[in-house]
Amino acid sequence: MPDDAAQIPSEGRPDEHGKVNNEHGKVNDEHGKERTAAIAVPTPVRQLYHYAVPDDMHHSAVVGARVRVRFGPRTMVGYVVERDTPGPEGISLRPLQAVLDPHRPTFTPEMVAFVRWMADYYHQNLGEALRGAHPAGTNLTARAALRITDAGRQAVAAGEGDRGLLTLARAEGPLPTDALDAPQSAVRRWIDAGYAARTEIVIGPATKVKTVSAWRAVAPPPADPRGPGGKPLKRDVIHAWLVGRGAVQIAEVEAEHAPARSHLNRLVDEGGVVVEQVEQIRDPFFGEAAPRDRARALNAGQRRAVEAIVAAEGFHGFLLHGITGSGKTEVYLQAIERVLARGQGALVLVPEIALTPQLVRRFRARLGDELAVLHSGLGDGARYDQWRRLRRGDVKLAIGARSAIFAPVADLGLIVVDEEHDPSFKQHDGLRYNGRDMALVRGSRAGCPVVLGTATPSLESEHNVQVGKLERLVLTERPTGGTLPKVEVIDLNTTPRPEDEIDFLSLPLRAAIAETLAREEQAIVFLNRRGFSTFAQCTRCGEAVQCDNCAISLTWHKRRRQLRCHYCDAARPLPERCPSCDHREIRLPGRGTERVEEDISALFPHARVARLDRDTANPRRMEEVLAAMRTRQMDILVGTQMVTKGHDFPYVTLVGVLDADAGLHFPDFRATERTFQLLAQVAGRAGRGERAGRVLIQTRNPQHVCLQAAVGHDHARFAAHALAERREHGWPPHTRAVILRFEGRDPDRVAELARRVERVLRRAGTDGAVVRGPAPAVLEKLRGRTRWMLMLTARSRRPLRRLLDAIDRSNLPRAGDPRLIVDVDPQDMM
């Protein structure tokens, strides 16, 4: 939308000086210069909008504050990004309506600058980026509504209105448009006739500060006992106990003087005690205790790593490359302790899948409960509490998933990114940022060291070490004294097949499981595919039952008795007849972790078998399974990649990988890298205690470099091969990449938008860049929307930025249907 279209004032008309008269009074400073604010508004358009700042908001509408503004016909929440910068000439600016956080802005100027850099880098709207950077549910929202007019009331009184208009007339105020039981044609007819007018309803934040009653003594208790026989009344005893304790909640009072509520009420009536509302922080630890522990003795490699990190002055990027079980977490903990002791703050990012209660307990045990936890397992209210504790400086350490990169930790002294290779650090909607990369940027801007930890470095980080952007710190030993497990490949091409129907479990792997159980040790069986059967197939025409919303077959989940889509989560019963040819017989081939769990339980009936995947992993169930493995109440754990993430099971001595080839054949240039990382990570679960570990990998491609490197625990060999292959084909990290995605309900319009963008790029000139596409995406339909993609690569960012700017100037749709999505540094090729 052009700048002036949003800013024609509705509150008043310009006076003879071109300024708007409004209810807030003048908008000029003492020199007659108009006070203005550049506001980032969450819209698809990448620009700022200028508004006039009324006198009564001059000191509160500071950079970082949220403000309510009129944007066209709508009320929206925007963010102050600049103050008193020149606005567009010749345009009368609308005034700000309100400052939503007048006492302390939502963001510091430093955070605004950081998010602004991110939005520019990822070619996204700054308002949307800032909206995603603070806790969900804390903004105002505006709903489209209708109000009855005087003419409408007269029509209803004359019996001319229909039922919907009658409902509107009886309402005490405007009604949301989507709540009216009336078709759009009727709504348009009322408006055209002048019976109704469009308006909006502004709704307050859904997420709020939680408060509870607390009692405070404001006067001393009676000097003399007032009870019978010269004894003090119970309420006077409570009164004396309250003196000097500040505001005390009922639970604390009744822990000493139960029951107490009626006595407190009497004290309030007498005036010696007041009741007030105080903030209550919602428990982010779900009531679980964490017994304290002490720092563990470091080996030589760990000591060198800690000393290098804490000695770094200003920004310095480290790659902490340690084998699985090498004690990277202990390095983090001891470095963080040193930083906190200096009075500085620290931020720890981990993949969502790895942010388990076990990990949080480990940090609490060492550092206490004075830390903030930020992850999706918390409700919006609890996350808001944690955010505010950080913003106020009550705590100086934050642990969270990807979005914790926005945590308001003051005076940062250290940022840690654990499992830095994990693709879940990339956001796939809204501001499509990479949390790992932005940790380095935030550390650079804050002037503090950043540690990227992993056993399997991403090729981007490996490349950054080679070009001098990161310093590698190496951990080659396990503090327990254990060694890396022996890794063996089972060639399914030559290994005799079992005689039963459970052919996915080879004879050597069966024998290894039996031996492990006989030694009263534990095993992990890994298959990165959930569900029971991977698809349902007609025995006559061969068609698989497809998702109606996505271009993907449905997976059979036996316990739920449902076919489910693993992309949009749509579910349906197993059909009695083939949807394509009406044949009655449908088979259920393939296997996922649910079938594996069932078959292993049948093969080893005396073993205690559990499963860990997204179907079973609600926080409570996940913790139960992990606790059962730690305490040896479980013998075999079957799971997806959830079993690979940092779990420490001392009695797991065997890991079986059922299908190492599954990830190698994805249409993604990162497929082999991710397969190697998964194999190395899951292999690292074996032999972490005093007993030696063994890993068996089933494959039909035993000579693949990915598998050969996994057998030798040889990350250097794999990285050298993969980086050379990427260089040859012009893929990141040797080039920069942008994917343009096109999505919409109408396949023809999506294809046309993709071709229009290609024409814009060709006209702009593609010198220095390679254009691949446009073409239908690998997953051509997702959640009911057809998808196309076009990929740009270049040796530097400049040609890509020039092409993206050309798209911006073309005014092609970035929102609506179809829409264009820009994904800088993409991680997903599907």
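## A buried threonine in a loop

T324 lies in the loop that runs between strand β12 (316-322) and helix α10 (328-341), where helices (H or I, at least four residues) and strands (E, at least two) are DSSP runs numbered from the N terminus. The model is a predicted one, in which local features need pLDDT of at least 70 and side-chain atom pairs count only at pLDDT 80 or more, while totals for chains, interfaces and linings use all residues. Residues are numbered from 1 along each chain as its sequence is written, and side-chain values use heavy atoms, with hydrogens and water left out.

With a relative accessibility of 8%, T324 counts as buried; buried means under 20% relative accessible area, exposed means over 50%, and partly exposed lies in between (1.4 Å probe, protein chains only). Leaving aside residues up to four places away in sequence, T324 touches A455, R478, L484, A680, G684, R685 and R688, a contact being heavy atoms within 4.5 Å.

## The protein as a whole

The protein has 22 helices and 33 strands. Its radius of gyration is 31 Å, close to the 28 Å that the globule rule gives for 830 residues, so the protein is as compact as a globular protein of that length; the radius is taken over C-alpha atoms, and the rule is 2.2 Å times the number of residues to the power 0.38. Along the principal axes, the C-alpha trace of the protein spans about 90 × 90 × 60 Å.

Of the 830 residues, 52% count as buried, and among the contacts with a separation of 6 or more, 76% are accounted for by residues 24 or more positions apart. The protein exposes about 37,500 Å², of which carbon and sulfur atoms supply 48%; accessible areas come from the Shrake-Rupley method with a 1.4 Å probe, and for residues only the protein chains shown count as cover. The mean positions of the 119 positive and 105 negative charges are 1 Å apart, where Lys and Arg count as positive and Asp and Glu as negative, without His and the chain ends, and each charge is placed at NZ of Lys, CZ of Arg, CG of Asp or CD of Glu.

## Aromatic pairs

A search of the whole structure finds seven aromatic pairs. Rings of Phe, Tyr and Trp (its six-membered ring) pair if their centres lie within 6.5 Å, and planes under 30 degrees apart count as stacked, over 60 as edge-to-face and the rest as tilted. The rings of W117 and Y121 have centres 5.1 Å apart and planes at 10°, so this pair is stacked. Both residues belong to helix α1 (residues 109-121), where they are four residues apart, about one turn of the helix. W117 is partly exposed, with a relative accessible area of 32%.

The rings of F669 and W731, with centres 4.7 Å apart and planes at 10°, also form a pair that is stacked. F669 lies in the loop between β28 (652-657) and α18 (671-683), and W731 in the loop between α20 (715-729) and β30 (736-744), so the pair ties together parts that are 62 residues apart in sequence. Both F669 and W731 are buried. Elsewhere, ring pairs link W117, Y121 and Y122 into a cluster.

## Backbone features in loops

The peptide bond from A258 to P259 is cis, with omega near -15°, and P259 is found in the loop between α7 (250-257) and α8 (261-270). A cis peptide bond also joins P732 and P733, with omega about 10°, and P733 has its place in the loop between α20 and β30.

D84, a residue other than glycine, has a positive phi near 55°; D84 lies in the loop between β4 (74-83) and β5 (98-99) and, at 32% relative accessibility, counts as partly exposed. R783, which is not a glycine either, has a positive phi of about 50°. The loop that holds R783 runs between β31 (769-782) and β32 (785-794), and at 47% relative accessibility R783 counts as partly exposed.

A754 is found in helix α21 (residues 747-764) and counts as buried, at 0% relative accessibility. Not counting residues up to four places away in sequence, A754 touches F742, P774 and W788. A754 and P818 are 64 residues apart in sequence, and their C-alpha atoms are 9.7 Å apart in space.
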